[in-house]
Amino acid sequence: MKLSITNLTKTYKNGVKAIDNLNLEIGTGMFGLLGPNGAGKSTLMRTIATLQSPDSGSIQFGEINVLKDKMALRKVLGYLPQSFGVYPKMSAEALLDYFATLKGVKSKTDRETLVKEVLEITNLYEVRKKEVAGYSGGMKQRFGIAQLLLNNPKLIIVDEPTAGLDPAERHRFLNVLREVGTNCSVIFSTHIVDDVKELCNEMAILNGGRILQHTTPTEATEAIKGKIWTRIIERDELESMEATFNVLSSNYNQDNTLNIRVYADEQPAPEFRTVAPQLDDVYFIALKSDTEVTA
Ligand SMILES: Nc1ncnc2c1ncn2[C@@H]1O[C@H](COP(=O)(O)OP(=O)(O)OP(=O)(O)O)[C@@H](O)[C@H]1O
């Protein structure tokens, strides 16, 4: 099923335009919404999830007019917000059983089957008897996925789920999401480029409430092939390099020199050598040119 967002706009009461005439089409599979803090990701996610209303625009999911028929969307939606609040002192198994009851699964055996299934998908079956309140950050996020899977959603929205997770937990979480994403549309917001690189077959870069680029990770890096250049500089040269070249990023080496990456159609100077583009380069190019346009 396709999600179509048309001319969506939202200005908060304090005058911040969080969504600015945004248009976006999202198909099935894993969709990454990549943007810096304040780009408008959460506002967009909450609006699609029917938790807040835009000023204007429309959202359609398959046959459902999302803004008009909120209940219909909620029936097929699984939403994992940025923070989930406090969990009661109950085991994961008992809590999921309770949620399943709330969602209308009346038969105890049906609930047992369902709860076992979602615990297995999210790799929490072994720790099902433990209190969710005592879970690690990564386990809590996976529990969030387990609970949203209870009503077999067609559209899953997860808002910055990997923020604050350690590398191992992040990896486990992404694996769970990858598995879940084979059966439905998953929209996944993040400011971590590697999340999108590892997980998504389609992506959009969001900044200032606008979509700067809608692409695929492969297409996006392919498009800048031969245009990313690197060289090693002394740290005190950075300012002059930034003034002269289109510097996308700089990273410290162990000897305190810097590796800079520059975007240019042709070799900027003899010291530069060309390197394979990365998704980070795509992201920085989009954000940089947006800042230059709006500055
Ligand atoms: N309830 C609100 N009232 C006023 N301004 C808000 C409100 N919620 C968000 N904003 C502002 O709207 C803009 C977009 O915020 P939003 O939370 O949607 O971005 P985000 O990309 O999710 O950022 P983050 O990663 O920091 O959560 C920001 O400038 C933010 O300060």
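In what order do the strands of the open sheet of 4 strands lie, and is their pairing parallel or antiparallel? Keep in mind that this is a predicted model, and then select S2, S1, S4 and S5, which follow one another in the order S2-S1-S4-S5 with antiparallel pairing. At the edges of this sheet stand strand S2, residues 17-26, and strand S5, residues 64-65, and because each has a single partner strand, one side of each is left without a neighbour in the sheet.

Next, select strand S1, which covers residues 3-11 and runs antiparallel to S2, with 6 bridges joining the two strands. Within this pair, pick out Ser4 and look across to S2, where Glu25 stands opposite Ser4.

Now widen the view to the protein chain, whose domain assignment gives domain 1, residues 3-217, and domain 2, residues 222-294. If you colour the two domains separately, you can look for their C-alpha centres, which lie 34 Å apart. Where domain 1 and domain 2 touch, the contact takes 11 residues from domain 1 and 7 residues from domain 2.

To see the side of domain 1 that touches domain 2, select helix H7 (193-199), strand S9 (202-207) and strand S10 (210-215), the elements that give two or more residues to that side. The largest share of this side of domain 1 comes from H7, which gives 3 residues.

Terms used. Residues are numbered from 1 along each chain as its sequence is written. This is a predicted model: local features need pLDDT of at least 70, side-chain atom pairs count only at pLDDT 80 or more; totals for chains, interfaces and linings use all residues. Two strands pair if DSSP finds at least two bridges between them. Domain bounds come from an automatic or database domain assignment. Two residues are in contact if their C-beta atoms, placed from the backbone, lie within 7 Å.
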